Protein chains: 2
Amino acid sequence: MTEIATLGEFGLIRRLTEDIKPQNPSTRYGVGDDCAVLHYPDKEVLVTTDMLMEGVHFDLTYIDMRQLGYKSAMVNMSDIFAMNGTPRQLIVSIALSKRFTIEDTEAFYDGLKAACAKWKVDIVGGDTTSSYTGLAISITCIGEAAAGDIVYRNGAKDTDLICVTGDLGASYMGLQLLEREKAVYYQQVEEAQKKGNRQALDSLKDFRPDFAGKEYLLERQLNPEARGDIIAQLREANIRPTAMMDISDGLSSELLHICSQSNCGCRVYEKSLPIDYQTAVMAEEFNMNVTTCAMNGGEDYELLFTVPIGDHAKIEAMEGVRLIGHITKPEFGHLLVTRDGNEFELRAQGWNPLSAGDGVDKVDTPNPRS
Amino acid sequence: MTEIATLGEFGLIRRLTEDIKPQNPSTRYGVGDDCAVLHYPDKEVLVTTDMLMEGVHFDLTYIDMRQLGYKSAMVNMSDIFAMNGTPRQLIVSIALSKRFTIEDTEAFYDGLKAACAKWKVDIVGGDTTSSYTGLAISITCIGEAAAGDIVYRNGAKDTDLICVTGDLGASYMGLQLLEREKAVYYQQVEEAQKKGNRQALDSLKDFRPDFAGKEYLLERQLNPEARGDIIAQLREANIRPTAMMDISDGLSSELLHICSQSNCGCRVYEKSLPIDYQTAVMAEEFNMNVTTCAMNGGEDYELLFTVPIGDHAKIEAMEGVRLIGHITKPEFGHLLVTRDGNEFELRAQGWNPLSAGDGVDKVDTPNPRS
C-alpha cells in the first residue's frame, strides 16, 4: 500500500486518468486544463450533483472503495435518467485523509470507470485533494436531452397513472442487515476484550457475516443500477411520462414532491407496491412493516413516473414497470390505500440528511440519497 | 442562532434559494428538479469544479462564512475566465456538521450570491447535506465560449511574450499574517490559562489583531477577485492569448504546466515580477524572500497568459497586465533570471494538497488552490 503523498496531486491525477479516452462527440476536451470543454449544439444540457460524506452517507466498514466509486457515479446518472436524458460526462472531486492509499483511490476510480463504461459516460475532470478527516466525494454529472423530451416533476395531471420500476425497500433492508452485522461484530470484539480472550479476538479478524440468501439486498444497497434501460424502453414504446424523478429518499417523499410541484393529489395502493421476496423476509426478521420500508426506505434509485391514462395498455406490457396508483385532484390529498381498504395520508419520512449531523441515528433511519 | 435540523433539508434549500432568479438565457431551469437544464446551441460549454475542505483549504477562525462563499464562487469563475470564457451557472454542494447554524449557511449563500451577481452567474442547483465533522464545499461552475475563442494551456510558441495580471504573492503573505496572529492569540490564551489569569482570558475574548496598513494582503487572501475584467480588455484590444491559465498554485507551477503542455521553455525576469508594496514589506518582516513568495505563493487568482510577440505594443498599453518574460525552445529550459543576471531552473514548489493531510505544515506552506 502506497501513501498518496509519494505521487503528489498531479502524479496521482495522471495515474488515475491516463487511460481515460473520451467516447462522446460532445466531449471536446477532458481532463488536463482549467475546464473541460463540451459541445451541445442540438440538445439541452442537464446538470446534477451529489455530495457523499464518510460517516453520513457511507460506511467503509461494509462498502469497499470500488463499490463506492460505482455507486457514486450511478446515483448521479440516475438523476439524468430521471429527466428522461442521457448521461454523457462526469466530473469527480474527492478529498482524502492520510489513511487512504493510492490503491484506495485507484479502486474508487475503477468503480467510477465501470459505471461510466456501462453508460458510455466520459470522466472529464475534477479535483483531488486532501481532507483533515475522512473521505468526501462530490460528483457532477452532465447529460443531454432534446428540449421536448425533458420530463420535469411538475407535469402530472389528474387521472394520470403512477408507475415505479423494479422493486422498493430492498436497499434499505440491505443497509439494516449490514448495520446489524456490524453491531454484532463490534459486540463480539468488545466481549472478547472484556474477557481478555486473545484467541477469540484473533479469530474475529476473519469475521465474515453470513449473507447467504440475502445477496439481493446487499447488491441493491452496495451496487445500485441507474435505470437507463427503462428510459430506453419508454422511448421504444413511444411513452413520454408527464412527470418523473428517481427514488432516492423513499417513494412517499418523492411522490409528495411530484404532487406538490404538479399541484395534484394521489392514490397509491399498498397491494400494488413491488416488493422483492427477500425484502419481505428480511422485514419479517427485523419485525418491521414491509410497506413502511418500501414507502420510506430510500436509496432504491428506481424511477417514479406518471403517464396519461391512455398509456395503460403499453405500461402493462412493459417489463420491470409496476402501476401503483393514480393522480387525483389536489383536494383529495395524498393517500396510501391499504390492503384492508383503509386510507392513510402520505408523509415524507425519508431520510433527513441534515439531522444526521454527527452520525447519530444511523441505524434507525434509512440511508441518504441525492 | 438556529439549528439547521429545525428546517430540514428541503426547508433549508427553499430558504437559501427562493430569491434566486435566473438571469441568463442559457439557464432554462434552475433549482428544483433532479437536474438543472441549460441551453447552449451556439457555444462550447466549459465546466470546472473545486472542492474545499475545512482545516485544509480554509480556517474559519479567520475567514467568515460570507467571505468563504464569495471566495468559493470566485475561484471557480476564475477557471472559466482562464479558458477565455464567460461563467454562466454555478452548482453548489455543502456538507455541514451540527455546529453550523441556518445563519451560517445563509451567510455562505450571501457570499456566493454576491460573487454570482458580480458576474451575472446563475445558481442552478446543488446539494445540501450533513457532515460528520467540519464543513466541505464543492462548487461546479459552467460557462461558455465560442469554439474559436477558447484558450488552452497548450498553445504557447517560441518567442511568445509571457504576461501576468495584477500582482503576485499578496494572498500568500495575507495567509502568513493571519496564521501568525492566530498563533499569537493561542499563545496568549495558553499563557493566561497557565497563570490562571481570568482577567487576561476575558480580555482575550475581544482580541482583535491590528492589521492596519496590511488590508490589501487580507483582501487578497479573503476576498479574491476573478479577472473577468482582463478577459473583457483582451477582447476589446483584439488580443487572443496563445495559452492561458489562472494562478492558483503559484506562478512557477503554472508556468511549468503551460511549458509542459505547449512543449516549450521559458525565461522569466525577476525584475519584472509585479509585487505590491505591502507584499514586499510583509516579506521583509517575515524574513522571507519576496521573489519566492511571488513565484510560489499561490492563491493569486491572477491570469497567466502568452501572446504572440506582435502584440507587444498592445500589451504594453493595457492596464493591469505585466510582461514578465518570454517563451523559448524547450531545450533552453525553464529559467528565472535574477536581478543580478543569474539563472535558476524553475521548480513547482506550489502547495501540495495531498501531503497536507492532517493539517500538518499548514503555517509553512502556501494555501491550497483549485
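Mentor: Contact means heavy atoms within 4.5 Å. By that rule, 75 residues of chain B are in contact with 75 residues of chain A. This is a predicted model, where local features need pLDDT of at least 70 and side-chain atom pairs 80 or more, while totals for chains, interfaces and linings use all residues. Residues are numbered from 1 along each chain as written, chains are lettered from A and ligands numbered from 1 in written order, and side-chain values use heavy atoms, without hydrogens or water.

Trainee: What is the area buried between chain B and chain A?

Mentor: About 6,100 Å², with 56% from carbon and sulfur atoms. Buried area is the accessible area (1.4 Å probe) that two parts lose on being put together, summed over both.

Trainee: Why is the pair E44(B) and R28(A) called a salt bridge?

Mentor: The rule asks for a side-chain nitrogen of Lys or Arg within 4 Å of a carboxyl oxygen of Asp or Glu. E44(B) and R28(A) have N to O at 3.8 Å, so the pair qualifies. Between chain B and chain A the count is six salt bridges.

Trainee: Which strand of chain B gives the most to the side that touches chain A?

Mentor: Strand β3 (residues 44-53), with nine residues. Strands here are DSSP runs (E, at least two residues), numbered from the N terminus.

Trainee: What makes β3 of chain A and β2 of chain B a pair?

Mentor: Pairing needs at least two DSSP bridges between two strands. Four bridges join β3 (residues 44-53) of chain A to β2 (residues 36-39) of chain B, so they pair. The two strands run antiparallel. One bridge joins V45(A) to L38(B).

Trainee: What does the salt bridge between K43(A) and E144(A) tie together?

Mentor: The side chains meet at 4.0 Å, N to O. K43(A) sits in the loop between β2 and β3 of chain A, and E144(A) in strand β6, so the pair ties together parts 101 residues apart in sequence.
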